[in-house]
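Thanks for coming. Please have the model open.

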Amino acid sequence: MSRVLTVGAAQMGPIQLADARPEVVERLVALLRSGAAAGCDLVVFPELALTTFFPRWWVDDLADADHFYETEMPGPDTRPLFDEARRLGVGFHLGYAELTSAGHRYNTAILVERDGSIVGRYRKVHLPGHSEHEPWRAFQHLERYYFEAGDGFAVHGAFGGVVGMAICNDRRWPETYRVLGLQGCELALIGYNTPIHYAPDPAQDRLQGFHNHLVLQSGAYQNGMWVVGVAKAGEEEGCALLGESAIVAPSGEIAALCTTDGDELAVAEVDLDLCAGYTGTLFDFHRYRRPEVYGRITAQRGPEVPAGVRAALDDNVESTAEPEEEGS
Ligand code: ING
């Protein structure tokens, strides 16, 4: 019996600074209801889906940003979403800023099953941007100031399959999909808030859409998994965010695509059994990633550049323009 899930990529339009959580949750509930009407088992919301992308601003005292974080999940503002999900029998994925009782701050996502129970939580590993105020930028990208990195990628038995999560910048790193794939992940859920303008290299601005689908599609294909990438999109406090949310099959094909920059649901029939067509053949990790071969390959520490070439490279190094983005 094939394991077919109906999945909705629930893209959100911008959330402005003045948009209070109850208004935002109403938008999430409306998208959830649209998903239920479309027969969805699972609705996937974006990264930081409860607030504006606040790492675009600097605050001198982190406590002044506390109101952007959730200290309980569900809390009073988000409980209506959980209640409606349980009433409708639809599960969801939700990204939000987490402040723990111990004072730790994470860029977090949760997986909620159709009975309203939280069955998985992930804290973002690849934190892009910088940790100090950089006035030269049109807007900041201070995720390294506002969040600590999570401790890794995990999978969860849910919705009749093996489900994993990642967040935004994670999707640009092949390790994300491979670490999930080695754990048997069949469906990776990835919310994102991606500014079109990339201050350290504006030449990339025009390529944001291409790069987004490039990494989602290659991650899906090279690891034989479904990948759902869901945006918070549109003009948010003067900052243009990429849309183009997509549901990508293990073949790498785009099975559903959002075509606006607003609140929009794109739905696909996700047949989890299609994964085996890739993980049991082309990308059979156990058959091809043999330790006796991979041990040697993965032990390499960077490219072995012949001494003469290295000397020539060192002679030609020139200082570059703006300071490199820290750890990006
Ligand atoms: N945002 C961006 C992302 O990785 C970024 C950061 C923007 C990187 C543009 C490169 C180019 O999609 C988050 N939130 O990670």
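The side chain of R137 makes a polar contact with the side chain of E134, at 2.8 Å. By polar contact I mean a pair of N or O atoms within 3.5 Å; within protein, one must be able to donate a hydrogen and the other to accept it, and residues adjacent in sequence count only if both atoms are side-chain atoms. Some housekeeping: this is a predicted model, local features need pLDDT of at least 70, side-chain atom pairs count only at pLDDT 80 or more, and totals for chains, interfaces and linings use all residues. Residues are numbered from 1 along each chain as its sequence is written, and side-chain values use heavy atoms, with hydrogens and water left out.

Back to R137. Its side chain also makes a polar contact with the side chain of H130, at 3.1 Å. R137 counts as buried because its relative accessibility is 8%, where buried means under 20% relative accessible area (1.4 Å probe, protein chains only).

Now the ligand. Which polar atoms of the protein lie by its oxygen and nitrogen atoms? A polar side-chain atom of T194 lies 2.7 Å from a ligand oxygen. For R171, an N or O atom in the side chain is 3.0 Å from a ligand oxygen. N193 uses the backbone: a polar atom there is 3.0 Å from a ligand nitrogen. The protein covers 95% of the 370 Å² of accessible area that the ligand has on its own, by the Shrake-Rupley method with a 1.4 Å probe.

Notes
Buried < 20%, exposed > 50% of the residue type's maximum accessible area, 1.4 Å probe, protein only.
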